[in-house]
Amino acid sequence: MKIARAGFVLVIFSLLVQQIQAQLLDLSAAKIVCLTADKNFLLRTPVVLQEEIQKRTGIRLTVTNKKTSSGLAAIILIDANDLSGLSENQRKALASLPVIGTEGYRVAVMDADRTLLISGKDPRGLLYGVGYLLRKLEMRPGRVELKTDISVGSNPFYPLRGHQLGYRPKTNAYDAFTVAMFDQYIRDLALFGANSIEILPPRTDDIPTSQHMVLPPAKMIVEQSRICKEYGLDVWMWYPNVGKDYENPDSIQTELRERENVFSSLPRLNAVFVPGGDPGDLTPDVLFHWLEKEAVVLRKYHPEAKIWVSPQGFNTDQHWFDEFFAQVNKQYPWFGGVVFGPWVKIPIKRLRQLVNPSIPIRHYPDITHSLNCEYPVPHWDPAWAVTLGRECINPRPDDEKTIHEAVEKYCIGSISYSEGTNDDVNKFVWTGQDWNPGSPVMETLRDYARFFIGPDFTEAAAQGIAALENNMRGPAITNASVSLTLLQWQRMEQQASPALLRNPRFQMCLIRAYFDAYTRRRLIYETELEQEAKDVLLSAKPDQLNDAVKKAREILGLALSTPVLPDYKARCLALADSLYKSIGAQLTVKRHGGMQERGNFIDFIDFPLTDAPWLLEKLSAIEKAGTAEEKIKEIGKIIHRDDPGPGGFYDHFADPQSWHRIVPGKLSWAEDPGNLESPHTGFGTGVKGLSWLANPADPGSKGRIVPISWKNQAMTLYGVPLKIHYNGLDSHSDYRIRIVYTGRFKSRMKMMTESGYLVHDFIQTGVQPEYEFDLPRSAIKNGKVTFVWTCDEKDRGSQVTEMWLIKK
């Protein structure tokens, strides 16, 4: 009986193996058959398919224009407008799939014939069909296999899908790219559906060159344009107005000569995007008069090209906008459309209403930054903000989809704002959503993992990338999933081949997993040390104060002298070195030649995560105090700095504990991810002579160190009022308001109560952080008061950090 049962199990297992094998089409010996002789239709697409398979398998498939014999595997590439080279069954297979239009493709798998058909409506459609196949192939050394359930007819939802790849020093990697690296990166983006690449002119708001550049910018942009032309992609150019004068005739001629040199050098240029500001602030009348002259030069060399403009800028007011939209709606023949991007004050829905319906809007999403940007990480924990910083490796797949859903419906698509390889995952997510907004992000991540990391890690890597985004959510100190994320990546690291361990895309995820786990463990450790030091100070007897101060200093110093997880730090440094060698990623300033706040997050791997630097500075003041009574008084001020006294209130508004006091906007974050109509948190001290970026381990630090709470604030953008509500006050008492204003905007702000009581008129913040004002009982109604802050029309927003309501 046991033998019979074992035989039955063996038969079932054999059937399962056969079923699995039947679901795979072995293409290891296939030929790539091009059933069109038009080189302008094929472009580089057959070679792309051949090369990408060879890189991953070692197999070089033959490219031919002759049909294969019956029974031999074939990948047939064909023009959807001429299927005469196909058999009747093959034509029926394609016809059974959804109808395709511009840039669309059909892929039909005929496993009985061991044939795969890819038909493109146009040259791009054929390239995208090949890209779809490559993303689904199971490619391993010596094997090319395909699951048979991928037949599809697909069309892009949005006509514009692209990314900015600027060759300039300010980027965190692009300035180190060679021509071959740009070719490969542009190819990668195209294989996921991108149809446009935006380049930058040699002169921008940046320094002219960097130590990493292998070609002068004027030559590299010609290569970028050529590469795009060979793949059949559009070329855009972000061209800011950084000249000194656009009204003086001599200055105008100088600017026009520069543009003539640039435009005439490019093999292809389809559009020029001129930001209205940041940089290049001009009044709309001057701006459009200048653009009209620029358009003449542009269309001399690229007759179909048009100029696009954004209403962005730091100092725009209503008069500026009125002039701008009056010019936009004149619909000049050279005018292409409006761009919605960073530092555009007007919400996208309102922008769409202000612009003539026939004028398209392009989205210019900032996918590269995590704070102080167009789409900051919502309620980001300060531990991540001060270490990962503004331009870290930042996969945010779910956030990017949410942003896309909120904005893209008003646009014709997007070309993203990117400063390097740090946002690599986000690029592919955006292209996937621009192609099909209904597709789950996880499917894009699986394609990304399968194609770039390998089929054996498809699910593990896709889920691991999603986990890196989850690391950034909620309070870091309680986010235990950070350790699990590292475990996921360590398992892949242990199983990876030597080649995969050198793979930059694998390394970018791995370094984040180690960095996050290291930072969270440091946060726990340093928080414990800070509390231990405070306990020593508070428990000290009057005759032991000097010893207590010394002991507290020693405890706080342990963060540097006895660090945690040194192996994790060493792994991060090694990965950073490897990424610099492979793709020119500049994750540090001194070691890799990066720029401050431009991807150099590894420089902040040991940045203090608590108030230890501030406490150490204050301990010096205690030591200088004369009597024991004075020392005890100073200790009390330090340890209990947030104490509002009996019946009082204290809030650090960016802290989750105090966020309930912030009156929310009418829209949720999912509806307003750019926070143009909603309160959110911001980072930066922005007060003269003060610094929260001062690392005591860095001898070059300048400025007085401030409490850690001063580094982030509650804020609103532009003219949106910031409202903060209190209840439970004593309506029969007066209060003294002590308030801290920090933040990088340094706006002129006014503070009132919602009932109309003026707490203070407009004051210039950024000069001093702390102020005190009176709140009379007459301003309190039934124990409640709502404070309202507004800024000057030309300022960038209202920022409020801390407040004490001290009962008199």
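How many bridges join strand 1 to strand 8, and in which sense do the two strands run? The model in which this can be followed is a predicted one, where local features need pLDDT of at least 70 and side-chain atom pairs count only at pLDDT 80 or more, while totals for chains, interfaces and linings use all residues. Residues are numbered from 1 along each chain as its sequence is written, and side-chain values use heavy atoms, with hydrogens and water left out.

Strand 1 and strand 8 (residues 143-147) run antiparallel and are joined by 3 bridges; helices (H or I, at least four residues) and strands (E, at least two) are DSSP runs, numbered from the N terminus, and two strands pair if DSSP finds at least two bridges between them. Leu-24 has Lys-147 in strand 8 as its bridge partner. These strands belong to an open sheet of 3 strands with the order 1-8-7 and antiparallel pairing. Strand 1 (24-26) and strand 7 (138-140) each have a single partner strand and stand at the edges, so one side of each is left without a neighbour in the sheet. From one strand to the next the twist averages 25°, and helix 3 (residues 45-57) packs on the sheet, touching strand 7 and strand 8, with its direction at about 50° to that of strand 7. Contact here means heavy atoms within 4.5 Å, and axes are lines fitted to C-alpha atoms, for helices over the stretch in contact, with angles running from 0 to 180 degrees between N-to-C directions.

Another open sheet has 6 strands in the order 3-2-4-6-5-9, with mixed pairing. Its edges are strand 3 (62-64) and strand 9 (152-154), each with a single partner strand, so one side of each is left without a neighbour in the sheet. Within this sheet, strand 5 (residues 105-110) and strand 6 (residues 115-120) pair in the antiparallel sense over 6 bridges, and Met-110 has Thr-115 in strand 6 as its bridge partner. Helix 4 (residues 88-95) lies across strand 4 (74-79), strand 5 and strand 6, and runs at about 125° to strand 5.

Salt bridges, in which a side-chain nitrogen of Lys or Arg lies within 4 Å of a carboxyl oxygen of Asp or Glu, number 58 in a search of the whole structure. One of them joins Arg-56 to Glu-52, with the closest N and O atoms 2.7 Å apart; the two residues are 4 residues apart in helix 3, and so are separated by about one helical turn. Glu-52 is buried, with a relative accessible area of 1%, whereas Arg-56, at 23%, counts as partly exposed; buried means under 20% relative accessible area, exposed over 50%, and partly exposed in between (1.4 Å probe, protein chains only).

Lys-170 forms a salt bridge with Asp-205, the closest N and O atoms being 3.3 Å apart. This pair links distant parts of the chain, 35 residues apart, with Lys-170 in the loop between strand 10 and helix 6 and Asp-205 in the loop between strand 11 (196-199) and helix 7. Both residues are part of a network of salt bridges that also links Arg-168, Glu-391, Glu-419 and Arg-598.

Asp-175 is found in the loop between strand 10 (160-164) and helix 6 (179-191). Asp-175 is buried yet has no salt bridge, and the nearest side chain of opposite charge, Arg-168, is 9.4 Å away; Lys and Arg count as positive and Asp and Glu as negative, while His and the chain ends are not counted.
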